[in-house]
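Please look at the sequence and the model below before reading on. The report that comes after them is meant to be read with both in view.

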Amino acid sequence: MNMRTNGGGAGEARLSLDAMTSDFVVDVANIVREQSLLGPRPADLSRLLLLLDALAEFACDEDVRVYGVCDSSLLRDTRLTPAERALLGSWADEGRIEVRPVADPRILELAEQLDMPAVTFDNFTDHIPGRPWIAGNTDTFLKPRNNPAGPGLVVVPRVLPVPEEWQISRKVEESDLLASGLYDRRGHGARTDLLSRLWRCADDACPLFGARRAAGQPMPRHQRGSVLCPTHETPLTAVGTVPARIQLKVRIDGTVRARFAVHEGETVTVGRAPAVAGGIALAALQGFGPAARNWISRNHLTVTFTGDRALVRDTSSNGTVVERRGPDAKLRNGSEWVLRPGHRVLLHDTVALELSGRQHVFTEEAAAVPATPLTSADTGPTLLYSPPRRGEQGSRGNQRGRTTRRHR
Ligand SMILES: [Zn+2]
């Protein structure tokens, strides 16, 4: 096997791209940039070299084999010294590490298919939709930390968090933005300067950025200073700005049945069958049942977006409940609530409204299209429940016996 070569330590001899005989897969850029390890440098190749020694210790095997997968950006990272970049480049050339534009999918593939423990600080939240085993995982991931009993590093097992759904959406958006060149991983975040502009394709008939697109827009691609149409690969022209907006989801019995946007300064009414223009008519959505129809008011609540705040105002007969960490909040006619990610606004036990975790690009804005036309049952009076205590007796349809009818 490989022994010491031109100046490297024993550590680098443990790097191997033989997947079948490797004991661990390492997220190279993630480790090299982890500032909790060793000194405060934003990138430091000795973190990887000391990790290789720590893995030998952890596995009780001096000949441990480590499969390193490295984001290509690390080879150009000027926060490494020229000597560190040269060493990393020589490992790539010699086939000691695998270089990928984005390392994550390859690391997860090796961990999943070969049952190889993965060493990384990443939570892979954006990959949970396709790989649900990641959430709460206790047996696949490891991380190094500073050795409390001396120099170097030690390796410890990790328990991955189980994120909330909006946190997953936010991470998925972040990785979509990253793939389109619209996210800066070094602290600046999303390129809001590019995302807030309204773009037009040179081709008027373009489905993504053509002249007929009325509201919202998909993600453009940003590459080497140019903003391109992902379909036509031609430069886009900025023709205006996209007003700030938030996106809300409507869940019926847990399934998302509609999404709608609220623009800066706008108020949108949500209810069974709002009598105001631009309202979201829940009764027209798939899965909207008779119990919800009886309970929810025609104009049940409004959502206003101003100054970066989403404000919910109850205008209903039977009230609204907000579920969150901590005790539920009960909104009665006229009371207001600042909506945050993770809050579930219940218009009825079966109908919930929540903020999308996405912040910049909303792909399914058109989903609020009614599935069925409204009927007189939808636009008729609301049943007023008295006493209006949601969830009592624990089921959805059984409030019927305690009702009186009234018109709104
Ligand atoms: Zn186009």
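Predicted model: local features only at pLDDT ≥ 70, side-chain atom pairs only at ≥ 80, totals over all residues.

Residues are numbered from 1 along each chain as its sequence is written, and side-chain values use heavy atoms, with hydrogens and water left out.

The zinc ion has as its protein donors Cys201 (SG), Cys206 (SG), Cys229 (SG) and His232 (ND1), lying 2.1 to 2.4 Å from the ion; donors are N, O and S atoms within 2.8 Å of the metal (3.2 Å for Na, K and Ca). The angles among the 4 donor atoms are 103 to 119°, and the site is tetrahedral, a label given to four donors if all angles lie between 85 and 135 degrees. Along the sequence, the donor residues follow the spacing C-x4-C-x22-C-x2-H. Cys206 and His232 lie 26 residues apart and link distant parts of the chain. The table compares their exposure, where buried means under 20% relative accessible area, exposed over 50%, and partly exposed in between (1.4 Å probe, protein chains only).

| Residue | State | Relative accessible area |
|---|---|---|
| Cys206 | buried | 5% |
| His232 | partly exposed | 29% |

The largest nonpolar core has 32 residues, and Leu248 and Val270 are among those with the most contacts inside it. Such a core is a set of buried Ala, Val, Leu, Ile, Met, Phe, Trp, Tyr and Cys residues joined through side-chain atoms within 4.5 Å. A second, separate core of 28 residues includes Val32, Leu51, Cys70 and Leu80.

Notes: Tetrahedral: all angles 85-135°; square planar, octahedral: opposite > 155°, others 65-115°. Helix = DSSP H or I, 4+ residues; strand = E, 2+ residues; numbered from the N terminus.
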